[in-house]
Amino acid sequence: MGYRPTVMAHGVAMALLLPSLGAAAQQLDDVQVTANRLPQSQADVLASTTIIDRAEIERSQADSVIDLLQNRAGIEITQNGGPGTITSLFMRGTESDHTLVLVDGVRINAATSGGASLEFLPVEAIQRIEIVRGPRAAAYGADAIGGVIQIFTRRGGEGTQAALSLRAGDQHTQKQNLFFSTGDAATRLNASLFRRDGDGFNALASDASGERDGFKRGGAQLGLSHRFGANANLSLNALRQDTDADYDDCFPLNASTASNDCRTDGYLQTFGGRYDLALAPDWDMAISAGHFDERREERYAGERYSVTESHRNELGIQHSFTRANGVDTLGVDYRQEHVDFDSASPFAGRYAKDSRENYGLYGMLQREYGRHELSGSLRYDDDSRFGDETTGSAGYAYRLTPAQRLGLVYSTAFKAPNLIDLYGPYGSNPDLDAETSRNLEAFWAIEHDAWNARVSAFENRIDDLIAFDAAFVPYNVDRARIRGVELSGGWQYAGLSLRASLTHQEPEDRDSGERLKRRARTFGRLDADYALGDWRYGATLRAAGDRRDTRYTFPYGDTTVSGYGIVDLRTAWQVTPKVELSAKLDNAFDRDYTLAEGYDTQGRYVEAGVKLTL
């Protein structure tokens, strides 16, 4: 369908103006974020951030992390079909491998492509998602040109709790989730088991066979923490998700035409630990370690075509020094990653080099002088494959009132070339340089009783973007300039809550002057929820303007994908304190729309379930 962004813009703008009605509600001051790798009040962070907590995850009845993130401020996501198929995330118009994604502090960006497999992440195991927009390389190193998304798995509390959720929906979809936690003031343990499967829908728009591309996934999450007296705490986390999904358009060996009998199966798992120790009243130390694995096996027409595995180990030590008017941070981290690859294709070679190491040293400071706030950071990275890189950031904010701030932030970032580009089996270039960026952002923000709002204007210039020549060999040539404005805010009064975001951007290839592909100029999201007694009602509007893409079928070339506007509805009834019934209607008006050229998306979808709290 065609879509006029002005309709969505007016709707979101009205939601942002509603705070003028005034009311009493929750403050943001007690919400903790990790934009600078240490806990802070969201109201004190200069970066543009969004937090999605467990309550919002359950209220939304979202099926995936993709549903939770889609069309949030600065975020666009494409997917090549239904659940379990490959996704790409574009943060503030940057490339799909320019956003760093972490689970409990552990990187999950693949060592091959550099992208993160969002389709592998289970919402059932997530406690909180923190979105930080804009370059964060000075804090996290490579890959954070567009921003950082950090996902925290579920935690337990004092006492014993358990919950069982059972859901069923269209296309023979079934979901089961069991959560359990127990603990006291010192020791806490929690575990989750989850499973989801269904027949799915036909992934390829041009496939007239009527076949469905089914999927199934399942896994577990485990968390353990123990406090050693008043000054030390140890936490351990583990997550495993197995996925098996059908998709379309692959080329079996010795076949002259594409097949729709394509299947990918594999897993993603993370293991992490952190030891926090207070060495003095104003001196805290944190030691962290993490491990990441991802495996993908591709089968074409029933035969194994390739297996790709990414592995990564991480270690870090951080010291934080609390001052009377701020905090200083010093840290060092180490990262080692390697790839295992095997393919039956005669056209695939092997990785000339399949591993790399990175050492990073960073320092950050934050200060408050009356109404003035300052922040700065500097980081040095030494990568064993492409060399060293120094990045930094500097920010200033002025408090117009106790609730309002004006600020300016300048930051630099880089993206280390992916192993597949440096030494991959299908065409590579070991002389690639890092992609680099310079970003300037100005903002106005307010947090006042019932409502909050932020307006951010930014310009990100990216140099040495990696492109591919006619023989599909990567090289540094492209330059991009991304200008944009983001509006985001929320309002809550009694049982009504509204959350809205609107992004307008110009993601431009500076050499050709054309808009970067798969990016809309305008997109946004509006979430509205209302609680009345034991009932809850909610709706979400997700909308975007048109996007440039590459034509899927012959004759190949540029094309334009129409914009869209999708409405999702939901409701829940708390039958008793221990029993909740819920239902949702996604894509309520059954709109035909496209996220990636040539691929279908979910039509109208109905799902219902019961949650038992034990």
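Predicted model: local features only at pLDDT ≥ 70, side-chain atom pairs only at ≥ 80, totals over all residues.
Local features were taken at pLDDT of at least 70 and side-chain atom pairs at pLDDT 80 or more, whereas totals for chains, interfaces and linings use all residues. Residues are numbered from 1 along each chain as its sequence is written, and side-chain values use heavy atoms, with hydrogens and water left out.

**View A. Aspartate 558 and lysine 517 form a salt bridge (a side-chain nitrogen of Lys or Arg within 4 Å of a carboxyl oxygen of Asp or Glu).** The N to O separation is 2.7 Å. Because aspartate 558 lies in strand β30 (residues 558-561) and lysine 517 in the loop between β26 (496-509) and β27 (522-532), the pair ties together parts that are 41 residues apart in sequence; strands are DSSP runs of E, at least two residues long, numbered from the N terminus. Aspartate 558 is partly exposed at 43% relative accessibility, and lysine 517 is partly exposed at 27% (buried means under 20% relative accessible area, exposed over 50%, partly exposed in between, with a 1.4 Å probe and protein chains only).

**View B. Arginine 461 is paired with glutamate 459 in a salt bridge.** The closest N and O atoms are 3.1 Å apart. Arginine 461 is partly exposed, with a relative accessible area of 23%, and glutamate 459 is likewise partly exposed, at 23%.

**View C. Lysine 584 and aspartate 586 meet through their side chains in a salt bridge.** The N to O distance is 3.2 Å, and both residues of this pair are buried.

**View D. A network of salt bridges links Glu56, Arg59, Arg72, Arg499, Arg525, Asp527, Asp529 and Arg570.** The structure as a whole holds 62 salt bridges.

Notes:
Helix = DSSP H or I, 4+ residues; strand = E, 2+ residues; numbered from the N terminus.
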